[in-house]
Protein chains: 2
Amino acid sequence: MHIVVLAGGVGGARFLRGLLDAVPDAEVTAVVNTGDDVTMYGLRICPDLDTVMYTLGDGIDEERGWGQRGETWTVKEQLAAYGAEPTWFGLGDRDLATHLVRTRMLGAGHPLSEVTAFLAQRWQPGVRLLPMSDQRVETHVVVDDPATGGERTLHFQEWWVRHRAALDARRFVQVGVDDARPGPGVVEALATADAVLLAPSNPVVSIGTVLGVPGVRDALRAASGRVVGVSPIVSGAALRGMADRCLPVLGVEVSAEGVGRHYGARSTGGVLDAWLVHTGDTAAVPGVDVRSVPLLMSDPAATRALAQAALDAALPGSAR
Amino acid sequence: MHIVVLAGGVGGARFLRGLLDAVPDAEVTAVVNTGDDVTMYGLRICPDLDTVMYTLGDGIDEERGWGQRGETWTVKEQLAAYGAEPTWFGLGDRDLATHLVRTRMLGAGHPLSEVTAFLAQRWQPGVRLLPMSDQRVETHVVVDDPATGGERTLHFQEWWVRHRAALDARRFVQVGVDDARPGPGVVEALATADAVLLAPSNPVVSIGTVLGVPGVRDALRAASGRVVGVSPIVSGAALRGMADRCLPVLGVEVSAEGVGRHYGARSTGGVLDAWLVHTGDTAAVPGVDVRSVPLLMSDPAATRALAQAALDAALPGSAR
C-alpha cells in the first residue's frame with residue numbers, strides 16, 4: 001500500500017507519525033511544504049522538511065514541536081553578540097549543522113530533493129520525504145505600512161515568528177511559484193498512490209502552498225486513489241499554529257466547514273473526496289464524504305486512531 | 001607613537017599583547033596574514049585574524065592558543081553525524097558565529113578589511129586590525145603523490161591541521177597573490193610608522209605570505225621607521241607551530257641566523273634593520289643590528305619585556 005501525505009510542519013509531522021504507527025508496513029511518501037523556507041545568515045533553512053525529518057527520525061524536541069531535542073543555542077547567542085540580525089529566529093546549534101550541509105549541497109548544484117534525501121539518510125524518517133518543489137517558492141506576507149499609509153512585504157517567517165502573525169495580512173504572495181514545478185516524484189506518487197491524505201496542516205500557508213505549485217492540483221484531481229483531508233480547525237479554532245490569522249485573508253471562514261469548502265470536492269473542481277472533522281463539529285461540503293472523528297493528536301494512540309480514520313475514509317472497501 | 005606589526009596567528013597575537021602591555025598608549029596597527037584563510041562548509045574562515053582578535057579581545061582559549069574560551073563543539077559533532085567532510089577541522093560553535101557574520105558580509109560585497117573592522121567592534125582588540133590584503137591569497141602546499149609518482153596540492157590548512165605538516169612539502173604556492181594588493185591602510189601605515197616589528201611568526205607561511213603581497217615589501221623598504229624582526233627560531237627549533245617544516249622548503253636553515261639572513265638587511269634589499277635572537281643564540285646577518293634578548297613569551301612580564309626590547313631596537317634614540 002502506498003500512501004501520499006501532503007504536509008506542513010508540526011501538525012503534518014505528528015500526523016505522519018500516527019500514520020506510520022497505524023500502518024508500519026505501508027510505503028509512505030510525504031510531500032512537504034517548502035514555502036516557509038528562508039535564508040538566514042546565508043543558510044538555507046527548510047522548517048517544515050526539518051520538522052518532519054526530526055519528528056519521524058526521533059530527534060524532535062517534543063515540547064517545542066520544532067528543532068532538535070537537547071538543542072543548544074551558542075551560535076545564536078554569539079551572533080547576537082555581534083549585533084547580527086535577525087535575533088528573533090530560533091537557530092539552534094544542532095539544527096545549524098543541517099542547514100550548513102544543505103546550504104553547501106545546494107551551492108554545489110544539488111537540487112533540494114537530493115539534499116533532502118541525503119539528510120534523510122541520517123534521520124531515517126521511515127517515509128520518502130519529498131519537497132513540494134525543487135524551485136524556490138517563498139511565502140511573503142503583504143501588510144499595512146503605517147509609516148507610508150501603503151503596504152510592505154515581509155517574509156513569512158518574519159510575519160509568523162517575529163510578529164506572531166499579529167500584523168493583519170492583506171494577502172500572501174508565493175514568490176517564485178509561477179516558475180515552480182512539482183519536485184521529482186511528486187506527480188508520480190500522487191498519480192499512483194492508493195490514498196492521498198491532506199494532513200491537518202495550515203490550509204493556506206502549508207497545504208495551500210503545496211497545492212499552489214503548478215501541476216500539483218491537477219495531479220491530485222487525477223489521482224486514482226481517494227483524497228482525504230483532515231481539518232486543522234476544531235470547534236472554530238486552529239489546533240496549532242495560526243490558521244485563524246491566515247484563513248480570513250482568503251475570505252475563508254475559520255471552521256471545519258469553511259476549510260472543507262475551500263478545499264472543495266474533486267467532483268466539482270476541488271481536491272477532496274472525504275473530509276474529517278472533529279467529533280461534534282459539522283460541515284456541509286457538497287460532494288464530499290464528511291466524517292466526524294476525534295481529531296486531537298493528544299497522544300500516540302489518539303494520533304494513530306486519527307490516521308486510521310483517514311485511511312478508512314480513503315480505502316472504504318479495504319479489509320483493513 | 002605609531003607601531004606597525006606584521007603578524008601571523010598565535011605567536012603574533014601574543015607578541016601584540018605584550019606590545020600593548022609595554023606601550024598601552026601607542027597606536028598599534030596589526031597587519032595580519034590571511035594566507036591561512038579557508039572556506040569550510042561554505043564559511044569563510046580567517047584563522048590568523050581571529051586568533052589576533054580573540055587574543056587581544058580577551059576571548060582566546062589560552063591553553064589551545066586558538067579559538068574561544070568556553071568553546072563548545074555541537075555543530076562539528078552534528079556535521080560529523082551527517083558524514084560531512086572535513087572532520088579534521090576544529091570548528092567551534094562560538095567561532096562559527098564569527099564565520100557566519102564574515103561570510104554573509106563578504107557575500108554582500110563588503111571587503112575583508114571592512115568585515116574585520118566590523119567584527120573588531122565587538123572584540124575591541126586595542127589595535128587597528130588590518131588583513132594583509134582584501135584579495136583572496138591562499139597558501140597551498142605541493143606534496144609528493146605516491147599514487148601517481150607525481151605531486152598533488154593541498155590547501156595549507158589540510159597540510160597543517162590534518163597532516164600536522166608531516167607530508168614533505170615540495171613548495172608553497174600563494175594562490176591569487178599576483179592579483180593581490182595590500183589591504184586598505186597597509187602601505188600608509190608602513191610608510192609613516194615610527195617602528196615596524198615583525199612578530200615571531202612563521203617566516204614562510206605567515207610573515208612570508210604578508211611580504212609576498214605585491215607592494216608590501218616595497219612599502220617596508222621605504223618605511224621611515226626602523227624595521228625590527230623577532231626570531232621565531234630559538235636554539236635551532238621553532239618555538240611553536242612548524243616553521244621547521246617550512247623553512248627547508250625554501251632552502252633556509254632552521255636557525256635564528258638562517259631566518260635573519262632570509263629576511264635580510266634593508267640596506268641590501270631585505271627588510272630588516274634589527275634582528276632579535278634568543279639569549280645564547282648568535283646570528284651574523286650582514287647590515288643588521290642583531291641583539292640577543294630573552295625571546296620566550298612564557299608569561300606576561302616576559303612577553304612585555306620582549307616587546308620592549310623590540311621597541312628599543314626600533315627606537316634607539318627614544319627616551320622610552
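Analyst: Helices here are DSSP runs of H or I with at least four residues, strands are runs of E with at least two, and both are numbered from the N terminus. Residues are numbered from 1 along each chain as its sequence is written, while chains are lettered from A and ligands numbered from 1 in the order in which they are written. This is a predicted model, where local features need pLDDT of at least 70, side-chain atom pairs count only at pLDDT 80 or more and totals for chains, interfaces and linings use all residues, and side-chain values use heavy atoms, leaving out hydrogens and water.

User: Which residues of α2(B) and α5(B) meet under that rule?

Analyst: On the α2(B) side you'll find Leu49(B), Met53(B) and Tyr54(B). They meet Leu112(B), Thr116(B), Leu119(B), Ala120(B) and Trp123(B) of α5(B). Sorted by class, that contact has seven nonpolar residues, one polar and no charged. For the classes, Ala, Val, Leu, Ile, Met, Phe, Trp, Tyr, Cys and Pro count as nonpolar, Asp, Glu, Lys and Arg as charged, and the others, Gly among them, as polar.

User: What makes α2(B) and α5(B) "roughly parallel"?

Analyst: The two helices pack at an angle of about 25°, with their axes 10 Å apart. Each axis is a line fitted to C-alpha atoms over the stretch in contact, and angles run from 0 to 180 degrees between N-to-C directions. Under 35 degrees counts as roughly parallel, over 145 as roughly antiparallel, 65 to 115 as roughly perpendicular and the rest as oblique. So α2(B) is roughly parallel to α5(B).

User: Then why are α2(B) and α4(B) called oblique?

Analyst: Helix α2 (residues 47-56) of chain B packs with helix α4 (residues 93-107) of chain B at about 125°, and their axes are 12 Å apart. That angle goes with "the rest", so the pair is oblique. Asp50(B), Met53(B) and Tyr54(B) from α2(B) meet Asp95(B), Thr98(B), His99(B) and Arg102(B) from α4(B).

User: Which hand does the crossing of α2(B) and α4(B) have?

Analyst: The crossing of α2(B) and α4(B) is right-handed. A crossing is left-handed if the near helix is turned anticlockwise from the far one by less than a right angle, and right-handed if clockwise. α2(B) also passes α5(B) in a right-handed crossing.

User: How do you know that α2(A) is largely enclosed by the rest of the structure?

Analyst: Ten of its ten residues are buried, so helix α2 (residues 47-56) of chain A is largely enclosed. Buried means under 20% relative accessible area, exposed is over 50%, and partly exposed is in between (1.4 Å probe, protein chains only). Among the buried ones are Pro47(A), Asp50(A) and Leu56(A). After α2(A) comes Asp58(A), with a positive phi near 60°.

User: Why is Tyr41(A) called buried, and why is Gln124(B) called exposed?

Analyst: Tyr41(A) has a relative accessible area of 6%, under the 20% limit, so it is buried. Gln124(B) comes out at 58%, over the 50% limit, so it is exposed. Neither is a glycine, yet phi is positive at about 55° for Tyr41(A) and about 50° for Gln124(B). Tyr41(A) sits in the loop between β3 (38-40) and β4 (43-45) of chain A, whereas Gln124(B) is in the loop between α5 (112-123) and β5 (128-131) of chain B.

User: What kind of peptide bond joins Glu85(A) and Pro86(A)?

Analyst: A cis one, with omega about -10°. Pro86(A) lies in the loop between α3 (74-81) and α4 (93-107) of chain A. In chain B, the bond from Glu85(B) to Pro86(B) is cis with omega near -10°.

User: How do you know that the copies meet through the same surface?

Analyst: Of chain A's interface residues, 100% are also interface residues in chain B, so the same surface is used.

Definitions and conventions: Contact means heavy atoms within 4.5 Å.
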